[in-house]
Amino acid sequence: MSTEPRRSDEISGWAVGGTVFAATILMLVGVFHAIAGLVAILDDNFYVVTHHYTFDLDTTAWGWVHLLMGIALVLVAMGLFSRSTWAGVTAIFLASLSAVANFFFIPYYPAWAIVVIALDVWVIWSLTRPGAIET
């Protein structure tokens, strides 16, 4: 084991692997969002609306939110594959926004929303590791 400090321009293989992992998961989350959005737009009665929920939101409107979020997530994931700094910062922001959007979507499709929230948190964790989004 070397006691020499690591050069600042070296990027850990773990960091690169974490970024590729985050980009892949982010792309999957984007596709999940797009599918959920299309379902809500095309079939307004697919999702069961819970009565007396604090946030009474229109299912079709949620469909558009999910569809647009999905498209944005897939585009940012493509940027992450090229190790762009802007994509890393944007991915952290969009994954956070996705987690919040899915929190509000829990009454409509609970298991799905919780899984997507967990994947969003995993993406954020992967991108905040040292060296993950440095160029």
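Predicted model: local features only at pLDDT ≥ 70, side-chain atom pairs only at ≥ 80, totals over all residues.
The protein has four helices and zero strands, so that, read from the N terminus on, its elements follow the order α-α-α-α. The protein comprises 135 residues, and 39% of them are buried. When contacts between residues at least 6 apart in sequence are considered, 73% of them join residues at least 24 apart. The accessible surface comes to about 8000 Å², and carbon and sulfur atoms account for 72% of this surface.

Met 27 lies in helix 1 and counts as partly exposed, at 25% relative accessibility. Leaving aside neighbours within four places in sequence, Met 27 is in contact with Val 74, Ala 77, Met 78 and Phe 81. Gly 70 is 43 residues apart from Met 27 along the chain, and the C-alpha atoms of these two residues are separated by 8.3 Å.

Phe 32 is also found in helix 1. Its relative accessible area is 22%, and Phe 32 is therefore partly exposed. Not counting residues up to four places away in sequence, Phe 32 touches Trp 112, Val 116 and Leu 119. In sequence, Phe 32 and Ala 113 are 81 residues apart, while in space they are 10.0 Å apart, C-alpha to C-alpha.

Is Gly 63 buried or exposed? Gly 63 is buried, because its relative accessible area is 0%, and the limit for a buried residue is under 20%. Gly 63 touches Gly 37, Ala 40 and Ile 41, when residues up to four places away in sequence are not counted. The C-alpha atoms of Gly 63 and His 33 are separated by 8.7 Å, although these residues are 30 residues apart along the chain.

The relation between neighbouring elements can be considered next. Two packed helices are described by the angle between their axes and by the distance between the axes. For helix 2, which covers residues 59-81, and helix 3, which covers residues 85-105, the axes come within 9 Å and cross at roughly 155°. That angle makes helix 2 roughly antiparallel to helix 3, because angles over 145 degrees count as roughly antiparallel. The crossing of these two helices is left-handed. The residues that form the contact of helix 2 with helix 3 divide into 15 nonpolar, six polar and no charged.

Between helix 2 and helix 3 there is a loop, and Arg 83 has its place there. Arg 83 has a positive phi of about 60°, although it is not a glycine. With a relative accessible area of 22%, Arg 83 is partly exposed.

Which residues does Ser 98 touch, not counting residues up to four places away in sequence? They are Val 29, His 33, Met 69, Leu 73, Val 116 and Asp 120.

The last pair of helices to examine is helix 3 and helix 4. The axes of helix 3 and helix 4, the latter formed by residues 110-127, come within 9 Å and cross at roughly 160°. Helix 3 and helix 4 are therefore roughly antiparallel to each other. Their crossing is left-handed. On the side of helix 3, the residues making this contact include Gly 88, Ala 91, Ile 92, Ala 95 and Ser 98. On the side of helix 4, they include Ala 113, Val 116, Ile 117 and Asp 120. The residues of the contact of helix 3 with helix 4 divide into twelve nonpolar, four polar and one charged.

Definitions and conventions. Residues numbered from 1 in each chain as written. Heavy atoms only, no water. Buried < 20%, exposed > 50% of the residue type's maximum accessible area, 1.4 Å probe, protein only. Contact = heavy atoms within 4.5 Å. Areas by Shrake-Rupley, 256 points an atom, 1.4 Å probe, with all protein chains shown as cover. Axes fitted to C-alpha atoms, helices over the stretch in contact; angles between N-to-C directions. Parallel < 35°, antiparallel > 145°, perpendicular 65-115°, else oblique. Left-handed = near helix turned anticlockwise from the far one by under 90°. Nonpolar A, V, L, I, M, F, W, Y, C, P; charged D, E, K, R; others polar.
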